[in-house]
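This report describes a structure step by step for a reader who is new to the subject. Please keep the sequence and the three-dimensional view at hand while reading.

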Amino acid sequence: MKIVRLLIGIIFVFYAVSSSAAEISISPRIGYSPAVGGSMSSGWQSEELDVEDGIYGINRSGGGFAVSGIESPVGIVAGIDLGILRNSIYGKAGIEYLYQVSGGTGKTIDPSGTELVKVKYSQWSFDIPLTAGVSLLFWGETRIYLGCGIAFAYGTYSNSFSSATLDHSGSFTGYAIPLVAEAGCEYLINERFSAGCNIMYLNGKSTVIKDGTDYARIDFTGFHFTASAAFHFNI
Amino acid sequence: MKRIISILLLFTANILYAEDKFSAGVTAGYQYDVGMISEQTGLQGKVQQNISAGFVLKLDMSRLFLRTGVEYSYPFQKGKISYSSAGSVERTAVSFIEVPVYTGVNLVIRDFGAFYMGGGGSYIFGSGNVKTASGNKKINEQLFGYGIIAGVQSEIYSNASLLFEWEYMSARTSPVASTAGTYKDYSIDYSGQRFRFGIIYHFNRD
């Protein structure tokens, strides 16, 4: 199924930009993702901590314990795209790196309510999105585009839990082929340069990955918001 | 504190160009699956849906915008859990006041209006309640969540525009209710997508 998705995506991009070419753009971009890694659930958390939904259900408080909230991770995103535009149709290939910079750590209570558990979630990933869609130019000065496609995403999700009686950590590395939707806008500063923003949504998880007795899926689903500066030239 | 400083820096950077257009208006909005019940393993039932009403304040600069305001979001359909293997939550009625703070690129489209897209976040002042087997638990939470916003303004008069806006933000409270044990373990998730429709008036427009 993943191969079929990949092939459909590649064919779509080639179809979109085939025939005599037009404008090429190279655009580095940087931004953030408000929520990284989805639920970050795993088999061990379900069995030993009685937490089915990972970070969504890990927070517990009470009993006089000095807990601290475990917030959804926020990540920074950096990437670069190569785009081809012709007759309002564009195709784009890029590479993005996502690195968690905050959230994902704190203290909670074990299921029996008798001890404090230190918790840490982290995830990094990179993805190679291939997208195509419609790009509309207004008055030769602004451009808005909307597209969809697929990506190859690869990354590592890690977790660790420690208390007086518990000590567990897991690391899961794998890939997925997420679906991608994006929207963006550009200000054309002159014929060669533009500045803009992009919102990209990825939706996809890896297959189940094992690490010792623990197992989990890496969730690449999430919104990425980036600001970009692009260089354009014709071929 | 870092969040507040970051937002203030963004504000300051924008205010340097404050001679540009200022707009204010009203919006009505909708959010599906407030509390993200559908995302929770072991819960089945009706998801909560909220409608909202609010004020928009927007500063449009030549190429940047600053968007803030205040909005009240109220459940027109409460979340009702018909089956749960994960605890004793029976109903959610999550309401909240949201103060969005966003900045980004503002694209003026001649003879149409504008398109904008940016980043930032929202302050949430949560209220409402969660009903569990042991009774109603009131929600009284304040938190901040990072988010993304995009919107379209379509001019209907020279100084007024229709506005359609999409926002995604992520924020979850500390536990507010107990579903099974002696501790609190049920958090309220304000994350999700909001859709807003409204009308705004442009002051000091040429």
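## A run of paired strands

The model described here is predicted. In chain A, strands β1(A) and β2(A), the latter covering residues 74-86, run antiparallel and are joined by 11 bridges. Within this pairing, A:Pro28 stands opposite A:Ile80 of β2(A).

Strand β2(A) also pairs with β3(A), which spans residues 89-102; these two strands are antiparallel as well, and 13 bridges join them. Here A:Ala78 faces A:Tyr97 of β3(A). The two strands form a hairpin with 2 residues between them. In that turn, A:Asn87 has a positive phi of about 50 degrees. As a general principle, side chains in a regular strand alternate between the two faces of the sheet.

## The two chains in outline

Chain A contains 2 helices and 12 strands. Read from the N terminus, its elements follow the order α-β-α-β-β-β-β-β-β-β-β-β-β-β. The C-alpha trace of chain A spans about 70 × 35 × 20 Å along its principal axes. Of the 235 residues in chain A, 49% are buried. Among the contacts in chain A between residues at least 6 apart in sequence, 68% join residues at least 24 apart.

Chain B has 1 helix and 11 strands, arranged along the sequence as α-β-β-β-β-β-β-β-β-β-β-β. Buried residues account for 46% of the 206 residues in chain B. For contacts in chain B with a separation of 6 or more, 64% are between residues 24 or more positions apart.

## Where the chains meet

## The nonpolar cores

The largest nonpolar core has 74 residues, and those with the most contacts inside it are A:Ile199, B:Leu107, B:Tyr116 and B:Met117. Strand β6 of chain B, residues 89-109, gives the most to this core, with 9 residues. Apart from this core lies another, of 5 residues, including A:Ile84, A:Leu85, A:Ala132 and A:Tyr145.

The surroundings of A:Ile199 involve both chains. Leaving aside neighbours within four places in sequence, A:Ile199 is in contact with A:Glu182, A:Ala183, A:Gly184, A:Phe223 and A:Phe225, as well as with B:Met117, B:Ile148 and B:Ala150.

A:Leu179 lies in strand β8 of chain A. Why is A:Leu179 classed as partly exposed? A:Leu179 has 15 other C-beta atoms within 10 Å. A residue is buried if this count is 20 or more and exposed if the count is 12 or fewer, so A:Leu179, with 15, is partly exposed.

Apart from neighbours within four places in sequence, A:Leu179 is in contact with A:Ile150, A:Asn203 and A:Gly204. A:Leu179 and A:Thr221 are 42 residues apart in sequence, and their C-alpha atoms are 9.0 Å apart in space.

Notes. Residues numbered from 1 in each chain as written. Chains lettered and ligands numbered in written order. Predicted model: local features only at pLDDT ≥ 70, side-chain atom pairs only at ≥ 80, totals over all residues. Pairing = 2+ DSSP bridges. Helix = DSSP H or I, 4+ residues; strand = E, 2+ residues; numbered from the N terminus. Core = buried A, V, L, I, M, F, W, Y, C linked by C-beta atoms within 7 Å. Contact = placed C-beta atoms within 7 Å.
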